[in-house]
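Hi,

Here is the structure I said I would pass on.

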Amino acid sequence: MKKIFFSLMMMAMGSTLVTSCLNDDDNNNGKNSQTLVVTKGIYVVNNGTWNQNNGSLTYFDYSTMQAQQLLNGATGLGDTPNDAYTKGDTVFVAGSTENTIFVLDKNFNIISRVNTVAEMGEAEGYSPRHLTGLNNKIYFTTYGGYVGELDAKTLKVTDRFQVGSVPEGITVGGTTASPVLFVANSDYGNGKASISKITLSSGAVETITNEKIQNPQEIVAIGDSFYYLDWGHYDENWNQIDAGLYFYTNGNVTQVVKNATGLGVGMVYINGSIVGYNLITFSNPYGSTSAPVYSKVNTYTSPTSFTTLTLTGDDGYEIVSPAAIAVDPITGNIVIASRSLDPDTGYASYTLPGYANMYSEGGKYLEGTHFQTGIEPHMIGFTLGTQTFTY
């Protein structure tokens, strides 16, 4: 797989990976300098409590190791912001209940709003859910059963594609010469789930079905193969069944991680080149009384097997109900957001602020990285910048 293709793929994961710029200056008083891409901070999109207009965004600054609670309430991200995508210094946030793509600057100020219903139609633009990007376009799914193509400069919807029922996650696949979009159509787990494949050069939409595609939520592509996180279905007692991380290739589906309900995506490097992904999952199915289990899949070395990841060193800050997980694209550190325990019931609360921790690639808690989030943390992203080191 070409290095440029994997760079393109990572741009679809929610954080734009800026190419490092290395400068050696032998005339700089005998010193050399390197300008490297660094992670500046973490942002967390918080759903809030449905119908309470208390969606928000939390930003954790690496330079100060402090968190700020931003864009809270009706004048901010409103009700149920669901996903975000970073392109350069701009962050696009999908506001599901608001039928809005919020456009934020590098300081997380709202600089524009795109009304998806006004741009696409009342049915087609209803409830934007997930986003990805390619070149100068932002692609987003809607509960109307469509993918919208948004020009990142003009903020106008320039195309739309009809996909399956209740689409959620979206990612870029294919090749650099012929990119495609893969879309996870969940159908709310009602039996008509599918994956849509959109060939961007022609606009053709292909539907992929399989008995193991039941309720897909998130998706990660490698060429024409892909991994998807599926939430399965629920029995009569609301126990979650058949959730997991699955791998689709050449018409065949393999369950890679049983009971997985959350997915974070990192990169596998060899000699500085990106050759694959580290997929980090948590398994915490609804109705389970067991502690969350964490797993790692190296798509380059072992595409259909996993190793167990054990979290350590977080005494007093333990993750009790994981709600979101992500991997820092530069350091490989893992960030996990959790719901808090309700002090009255002892169960995870969907109405109290949550919290997040950062761990090393090996699962060790990194001191000083615990911070509070908003209510129901749902998606984690990163802001990147450059820093020059002189030596």
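Predicted model: local features only at pLDDT ≥ 70, side-chain atom pairs only at ≥ 80, totals over all residues.

Residues are numbered from 1 along each chain as its sequence is written, and side-chain values use heavy atoms, with hydrogens and water left out.

As a reminder, side chains of opposite charge can pair when their charged atoms come close. One of the pairs is R160 with E124, where the closest N and O atoms are 3.9 Å apart. These two sit 36 residues apart and link distant parts of the chain: R160 belongs to strand β11, and E124 to the loop between α2 (116-120) and β8 (128-134). (Helices are DSSP runs of H or I with at least four residues, strands are E runs of at least two, and both are numbered from the N terminus.) R160 is partly exposed, at a relative accessible area of 39%. For that wording, buried means under 20% relative accessible area, exposed means over 50%, and partly exposed is in between, with a 1.4 Å probe and protein chains only.

Another pair is K197 and D224, at 3.3 Å from N to O. K197 is in strand β14 (residues 194-199) and D224 is in the loop between β16 (216-222) and β17 (225-230), so this pair too links distant parts of the chain, 27 residues apart. K197 counts as buried at 16% relative accessibility, whereas D224 is partly exposed at 46%.

Then there is R339 with E376, at 2.9 Å from N to O. Both partners come from loops, R339 from the one between β27 (334-338) and β28, E376 from the one between β29 and β30 (377-390), and they are 37 residues apart. R339 is buried at 12%, and E376 is buried at 11%.

Four strands make an open sheet in the order β4-β5-β6-β7, paired antiparallel; two strands pair if DSSP finds at least two bridges between them. β4 (81-87) and β7 (110-115) are the edge strands with a single partner each, so one side of each has no neighbour in the sheet. On average, neighbouring strands here are turned by 20° against each other, direction ignored. Those angles are taken between N-to-C directions, from 0 to 180 degrees, with axes as lines fitted to C-alpha atoms (for helices, over the stretch in contact).

β4 and β5 (residues 90-95) are joined by six bridges. D83 has A94 as its bridge partner, and K87 is opposite T90. The two strands form a hairpin with two residues between them, and G88 in the turn has a positive phi of about 60°. How buried is β4? Six of its seven residues are buried, so β4 is largely enclosed by the rest of the structure.

**Core**

The largest nonpolar core has 15 residues, and F92, I101, V114, L131, I138, F140 and L150 touch the most other members. Such a core is a set of buried Ala, Val, Leu, Ile, Met, Phe, Trp, Tyr and Cys residues joined through side-chain atoms within 4.5 Å. β5, β6 (100-104), β9 (137-142) and β10 (146-151) each give two or more residues to this core. Leaving out residues up to four places away in sequence, I138 touches Y85, K87, F92 and L131, among others, with contact meaning heavy atoms within 4.5 Å.

β28 (residues 353-359) and β29 pair over three bridges, with A356 opposite F371.

Most residues other than glycine have a negative phi. N51 has phi near 70°, in the loop between β1 (33-46) and β2 (56-61), and is exposed at 54%. V166 has phi near 50° and lies in the loop between β11 (157-162) and β12 (167-174), but is buried at 10%.

Cheers

Technical notes
Salt bridge = Lys/Arg side-chain N within 4 Å of Asp/Glu carboxyl O.
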